[in-house]
Amino acid sequence: MDALIISVPVCAVIALIFAYGLAKWIGSMDSGTDRMKEISGYIHEGAMAFLRREYKTMVIVVAVLFVLIGVLLNSWVTAILYVLGALLSVLAGYFGMTVATKGNVRTANAAKEGGMVKALKVAFRSGAVMGFCVTGLGLLGLGTVFVAMGVDSAQVITGFGLGASSMALFGRVGGGIYTKAADVGADLVGKVEAGIPEDDPRNPAVIADNVGDNVGDVAGMGSDLFESYVGSIISAITLAVVIPNVTPHIGATFELDPLMGSLFPLLLSAIGILASILGIMFVRGKEGGNPASALNAGTYVSGIIVIVASFIMSKLLLNTYNPAIAIIAGLVVGIAIGKLTEIYTSGDYRHVKKIAEQSQTGSATTIISGLGVGMMSTLWPIVCVVLGILVANAFAGLYGIALAAVGMLSTTAMTVAVDAYGPGADNAG
């Protein structure tokens, strides 16, 4: 049993080692001409300036909340874990941003030298660094606390989640607002006022736009998923400690041992990291092929591995397959939402083509059509989430709902890699 518990932080360390290896590989790639290095340097400098300013503000917030948690809750352990959660979120964002802003110029040069296949490989691996920093640091923090305190960690581990949430609030909202403002500003100055193409190097606002892509979609999105990742695990651990028996609507009642019930989501997340490593190996581009298909292949492979592992661990640890079904419900919902998002935002499908057709008659019809598609796009994800909750609750009660969230986020490393790949490829353009 001790070996199983220790394996959780060990897998987290493997994720960080893998991220370091990817970062070294990206650093070994040629960064191109002096002009390319100059432009990339501006983006890197701007992104790091944003992070430094944001983190300086957050230090004050974290310090105040540290004191309030320690005094009002009379639990300095919770307060320390709050700081730890915030610190690891900061580190994940910093490491991921550093590699992403250096990977963009290498992606551009790879496209020049080796075409789409090589460019996809560099861009995706630069995004994968962020993914493994998020999951590695998150699971390392939670795993270390669980190794040190066991099931007693459920009394104080919520502080860790609150620290991650604090950073997600500033990172996601602050970064998101910046990136949209910079994007619109660059378009207004360039296309509207100056009449030059989008991302034209003669427009200095393009640098701010590219900086925004990184602070919003790398650091901001990373801190957001860091919070969701650790929050789902914490909720499952907490419920495992307070719920002695689960009486599902489907299947027999099963006893929920606090240790086994807490260890189950941690081990599943650890396997999710290993599955994501294997999934990344399956991302192989083909010249003239669709990059989205290559990215989807990695997502599906990692998901299948988690599904198989959840059945095995559910039977071994909890002596029932019901929790595994809850896990699978969450994982399937996550993949389905990703596919629905692609259907409503990709130019390969009719929704985006319809908006393009409406734009032929002016900006008003474009806005109306785009708004309508945007509203419709929210319907099916909500339906999927509700179905996932109903299925998870039917097979494992409230504990199952928490497990569904763990299942959905078990392959976070792969998810973040796909998301953070975008800014690198966009900057390269």
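Is lysine 339 buried, partly exposed or exposed, and what is its relative accessibility? In this predicted model, lysine 339 counts as partly exposed, at 30% relative accessibility. The protein averages a pLDDT of 86, and 98% of the residues score at least 70.

**Salt bridges**
- The structure holds 3 salt bridges, and one of them joins the side chains of lysine 339 and glutamate 342 at 3.6 Å, N to O.
- Both lysine 339 and glutamate 342 belong to helix 8 (residues 322-345), where they sit 3 residues apart, about one turn of the helix; glutamate 342 is buried, its relative accessible area being 18%.
- Glutamate 38 pairs with arginine 35 in a salt bridge whose closest N and O atoms are 3.2 Å apart, and both residues lie in helix 2 (residues 34-72), 3 residues apart.
- Glutamate 38 is partly exposed at 35% relative accessible area, and arginine 35 is partly exposed at 45% relative accessibility.
- Glutamate 113 and lysine 118 also meet through their side chains in a salt bridge, at 3.7 Å from N to O.

**Helix 11 and the nonpolar patch**
- A nonpolar surface patch of about 730 Å² includes Met376, Leu379 and Trp380 among its residues, and helix 11 (residues 379-409) gives the most to this patch, with 7 residues.
- Methionine 376 is found in helix 10 (residues 363-377) and is partly exposed, with a relative accessible area of 44%.
- Helix 11 bends by about 135° at alanine 396, and the C-alpha atoms at its ends are only 21 Å apart, short of the 45 Å that a straight helix would reach.

**Confidence**
- Confidence is highest in helix 11, at a mean of 93, and lowest in helix 12 (residues 412-428), at 78.

Key. Residues are numbered from 1 along each chain as its sequence is written. This is a predicted model: local features need pLDDT of at least 70, side-chain atom pairs count only at pLDDT 80 or more; totals for chains, interfaces and linings use all residues. Side-chain values use heavy atoms; hydrogens and water are left out. Patches are made of residues with over 30% relative accessible area and no salt bridge: like charges are joined within 9 Å, nonpolar side chains (Val, Leu, Ile, Met, Phe, Trp, Tyr) within 5 Å. Accessible areas come from the Shrake-Rupley method with a 1.4 Å probe; for residues, only the protein chains shown count as cover. A salt bridge is a side-chain nitrogen of Lys or Arg within 4 Å of a carboxyl oxygen of Asp or Glu. Helices (H or I, at least four residues) and strands (E, at least two) are DSSP runs, numbered from the N terminus. Buried means under 20% relative accessible area, exposed over 50%, partly exposed in between (1.4 Å probe, protein chains only). The expected span of a helix is 1.5 Å times one less than its number of residues. The bend at a residue is the angle between axes fitted to the seven residues ending there and the seven starting there. pLDDT is the predictor's confidence in each residue, from 0 to 100.
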